[in-house]
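Welcome! Take a look at the molecule before you start.

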Amino acid sequence: MTAQTYLAYDYPLLSAFWTMLVFFLWIMWFVLLFRIIFDIFRDDSMNGWAKAGWLLFVIVVPFLGVLVYVIARGKDMGRREVEQARAQQKAFDAYIRETAQGGTSSVDELARLSEIKARGDISEEEFRRAKELVLSGHGSAGGTGSAPR
């Protein structure tokens, strides 16, 4: 038999399962460790010395430090996570609302002014002044990209 065949006999399926489980738990450990480290820096209620102490404790004695941090500050950690998620969602919703409002751009305003001038509703001088206002950003759009309603 070859060396590969012996390896297959020496490393059964259950051992492969346990290896994958240990590897998964190891990765999850690092995820938890880094989330705690980021939470230490994000916490505004702690002063610099407290942050340094927690960081030192978590890095020097990682298992005990993470366990103690989760027990002592786990609720606040969850609260900060939820607050950050809400703030991000609120900013995203505001961006979507602002973007979805549409409105008119300066090109649309100029096209509308040209149509009004072509109909004869405004003179050449009025068209020129309105065009300068639109191009300078002080037109009826107010420079924000949305038309008044």
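A residue is called buried under 20% relative accessible area, exposed over 50%, and partly exposed in between (1.4 Å probe, protein chains only). The model is predicted, so to speak of local features a pLDDT of at least 70 is needed, side-chain atom pairs count only at pLDDT 80 or more, and totals for chains, interfaces and linings use all residues. Residues are numbered from 1 along each chain as its sequence is written, and side-chain values use heavy atoms, with hydrogens and water left out.

**Exercise 1. Describe the pair Arg 112 and Glu 109, and say how exposed each partner is.**

Step 1: Recall that side chains of opposite charge can pair when their charged atoms come close. The salt bridge criterion is a side-chain nitrogen of Lys or Arg within 4 Å of a carboxyl oxygen of Asp or Glu.

Step 2: Arg 112 and Glu 109 form such a bridge, with 3.4 Å between their closest N and O atoms.

Step 3: Both sit in helix 5 (residues 106–119), 3 residues apart, which means that about one helical turn separates them. Helices here are DSSP runs (H or I, at least four residues; strands are E, at least two), numbered from the N terminus.

Step 4: Glu 109 has a relative accessible area of 4%, so Glu 109 is buried. Arg 112, at 41% relative accessibility, is partly exposed.

**Exercise 2. Find which parts of the chain are linked by Arg 42 and Glu 81.**

Step 1: The two side chains meet in a salt bridge of 3.1 Å, N to O.

Step 2: Arg 42 belongs to helix 2 (residues 13–42) and Glu 81 to helix 4 (residues 62–100); at 39 residues apart, the pair links distant parts of the chain.

Step 3: Arg 42 counts as partly exposed at 25% relative accessibility, and Glu 81 likewise at 29%.

Step 4: Both belong to a network of salt bridges that also includes Arg 35, Asp 39, Asp 43, Arg 73 and Arg 80. In the whole structure, a search finds 14 salt bridges.

**Exercise 3. Are Asp 121 and Arg 119 buried or exposed?**

Step 1: Their closest N and O atoms lie 3.1 Å apart in a salt bridge.

Step 2: Both residues are exposed.
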